Amino acid sequence: MYRFCPFYFTFDTVAIPVITFQIESPLVQPYSWVLQELGRWAGFRASVVEEGGEVVVAEWGMADIQVSHFFRNHYVHGDFAHEVIFSKEPLHYCANGKPDYLSTCFYMLACLQEYSDFVPDRFGRFPYAGSWQERFECVAENWVARYFSLILESVPLLQEKVGLPQRRSRVLLTHDIDTLRGAYTEQRKGLLKKMRIGTLLQLMWQHYFSQSDYSRLDKILAIEDEHDARSVFFWLTEQGRSRSGIEHADYGIEEPLVRQQLDLIRSRGWENGLHKSAKRSTYAEEWEALQGHFGVFANRNHYLRLQIPNTFRQMETAGVQLDASLGFAEISGFRAGYGSAFQPFDAKTQKPFDFIEVPLLIMDTTFRYYRKQDASAAGKHIIEILDNNKANATFSILWHNNYFFDRLEPGWLQVYKDVLVWMREHQVTSVLPSQLVDA
Ligand SMILES: [Zn+2]
C-alpha cells in the first residue's frame, strides 16, 4: 500500500481538501503516487479508495481520468524506452486518441527512461544525449506541472474543489564545496597569460601563508544576506581520486578551518549538507564524518552521479531526508520533466522513497564547461529560464564557491547576484532543506 509521508504536507493552508480517487487499473501504486504528487502540487490530499471515489481513474473512455492500456502493458513488461511511450511528442495517448496525462506524468516523474538500456557517460551518469528531453528538445519545460494543470482543468470536480495553484516559486540555493584552496592553482595560468602579476602574487601569498579566496564563505553569506536569501552548503568528506578518476576535496573535513566555516554557516541561519563522494564509502559513513554539524540530512552527489533507482535506495537506507542531485550536468532543465520538490518512486518495489527530491535546474559549470558560454551569455540564458519558472515551482540552483572569487572572470559572481535580484523582483524566495522537510 502507499505509505503516507510527512513531507507530503507542504502547504500553508490550514484545511487541505481531501479528494477520493478510485483507480480501476492494475497500476494502483504508480497512479496513487502520481495523484499524491498532483495533490502536493495543487494543494489537496489524494485518498485512494476501493469504491465510491469522487474521481475515477480507469482505462475506459467515460472515466474522469482515462489511462492507456498500452501504457499498462509496457509498464508491466518493463518496456520503458521513451521511443515506445512517446511517438511524436512527450505525451502518451490512449487507443481512442485521448491524451493520457496521468501515465505521462508517471513515466516522467519516476524517471522510467532511466530503467531502460542506456550508455552512461564517462562518469557513469545517465546522459542527456538520447533522452526524451533531447529527442523533443524540451528539457527546460516543466511538463509534469503543465500536465497536472490539464488534469485539473479536465475534471470538473477538481476544478471546483481545488483550481489551479497560484504560488510564487521557491528556490533552494546551493553551493557544492569541492575546493577551498584552489584559488591560486586554478587561476595562475590564466593570470600569467594576462600578465596580471600583482593578482598572481596576491593569490600566491594567500595560498602559502594566509586564507585562500575560495574559503571566504562569509562573503557568500554577506552577499545573500543583502538580498534576503539563504542557502545550503554541501561538503565533501573525502579527499583524493575515485576509481573513475573523479577528484575530491582539497580540504579535510576535520580541519579547524572547515569546522569554523561549518559553525559559521549554521550559527548564521544557513544550512550545511553532505556532498556525497564518488568513492565507495556509504552515505551513512560520510554523514557520520560530518559529526552533527547539521540538522536535516540534505545531500547532493558530487558530479551529480545518480543511478536510478540504486542510488536512491542507498540514500533512503542511510536516512537522507532531502536530495538535490537530480539534474543533467550538461544542460539546464528538468531530468524528471518536473520543476517541483517531490518524493521519488521506486518502479521496482512500487513504492515511493522516504525522502524528498528537489530538482536541479541551473548550475554554473553547465554554462562554462559544457556549453562553453561566457558569464554574460550564461546570465541572459539563466534569466530566461527563471522567467519561465516564476510560479508554482520549487527547484535548486547550484553556484560553486569558486565562482564567487574568480579574478579572471568576475562576471560569474555578477550572474549570481543578478539571480538574487531577479528573485527579489519576482517575490521568489529562497527556501532551506529544513523548511522543505518540516513542512
Ligand atoms: Zn562536487
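Analyst: A residue is called buried if 20 or more other C-beta atoms lie within 10 Å of its own. The model discussed here is predicted.

User: Which residues of β8 point one way, and which the other way?
Analyst: In a regular strand the side chains alternate between the two faces of the sheet. In β8, all four of the residues concerned are buried. Ala298 and Arg300 point one way, and the other way point Asn299 and Asn301.

User: In which sense do β7 and β8 pair, and over how many bridges?
Analyst: Strands of a sheet pair through backbone hydrogen bonds, either parallel or antiparallel. Leucine 274 stands opposite asparagine 299 of β8. Strand β7 covers residues 271-276, and its pairing with β8 is parallel, over 3 bridges.

User: What is the handedness of the crossover from β8 to β9?
Analyst: β8 and β9 (residues 322-323) run parallel and are joined by 2 bridges. Alanine 298 has leucine 322 of β9 as its bridge partner. Between β8 and β9 the chain passes through α13, and this β-α-β crossover is right-handed.

User: Where is the cis peptide bond that ends at proline 309, and what is its omega?
Analyst: Proline 309 is placed in the loop between β8 (298-301) and α13 (310-318). The bond runs from isoleucine 308 to proline 309 and is cis, with omega near 5 degrees.

User: Is aspartate 228 buried or exposed?
Analyst: Aspartate 228 sits in the loop between α10 (217-226) and β6 (231-235). Its phi is positive, near 55 degrees, in a residue other than glycine. Aspartate 228 has 11 of them inside 10 Å, so it counts as exposed.

User: Asparagine 392 also has a phi near 55 degrees; is asparagine 392 buried or exposed?
Analyst: Asparagine 392 lies in the loop between α15 (375-387) and β14 (394-398). Its phi is a positive value in a residue other than glycine. There are 20 other C-beta atoms within 10 Å of asparagine 392, so this residue is buried.

User: Which residues does isoleucine 220 touch, leaving out those up to four places away in sequence?
Analyst: Isoleucine 220 is part of helix α10. It has 21 C-beta neighbours inside 10 Å and therefore counts as buried. The C-alpha atoms of isoleucine 220 and asparagine 401 are separated by 7.8 Å, although these residues are 181 residues apart along the chain. The residues touched by isoleucine 220 are His175, Asn401 and Phe404.

User: Which strands are at the edges of the open sheet of 4 strands?
Analyst: The order in this sheet is β2-β1-β3-β4, with parallel pairing. Strand β3 (residues 55-58) is joined to β4 by 2 bridges, and valine 57 has isoleucine 65 as its bridge partner in β4. An edge strand pairs on one side only, as is the case for β2 (45-49) and β4 (65-66).

User: Which helix gives the most to the side of domain 1 that touches domain 2?
Analyst: The chain is divided into domain 1 (6-161) and domain 2 (170-438), with C-alpha centres 30 Å apart. In the contact between them, 25 residues of domain 1 meet 31 residues of domain 2. At least two residues of that side of domain 1 come from each of α1 (28-42), α4 (101-109) and α6 (143-154). The helix that gives the most, with 6 residues, is α1.

User: What radius of gyration does the protein chain have, against that of a compact globule?
Analyst: The C-alpha atoms fill a box of roughly 75 × 45 × 40 Å along the principal axes. For 439 residues, a compact globule would have a value near 22 Å. This agrees with the radius of gyration of the protein chain, which is 23 Å.

User: What is the mean pLDDT of the protein chain, and where is it below 50?
Analyst: The mean is 92, and 96% of the residues reach 70 or more. The pLDDT is below 50 over residues 1-11.

Key
Residues are numbered from 1 along each chain as its sequence is written. This is a predicted model: local features need pLDDT of at least 70, side-chain atom pairs count only at pLDDT 80 or more; totals for chains, interfaces and linings use all residues. A residue is buried if 20 or more other C-beta atoms lie within 10 Å of its own, exposed if 12 or fewer, and partly exposed in between; C-beta atoms are placed from the backbone. Two strands pair if DSSP finds at least two bridges between them. A crossover is right-handed if, with the strands pointing away from the viewer, the path from the first strand over the helix to the second runs clockwise. The radius of gyration is taken over C-alpha atoms; the globule rule is 2.2 Å times the number of residues to the power 0.38. Two residues are in contact if their C-beta atoms, placed from the backbone, lie within 7 Å. pLDDT is the predictor's confidence in each residue, from 0 to 100. Domain bounds come from an automatic or database domain assignment.
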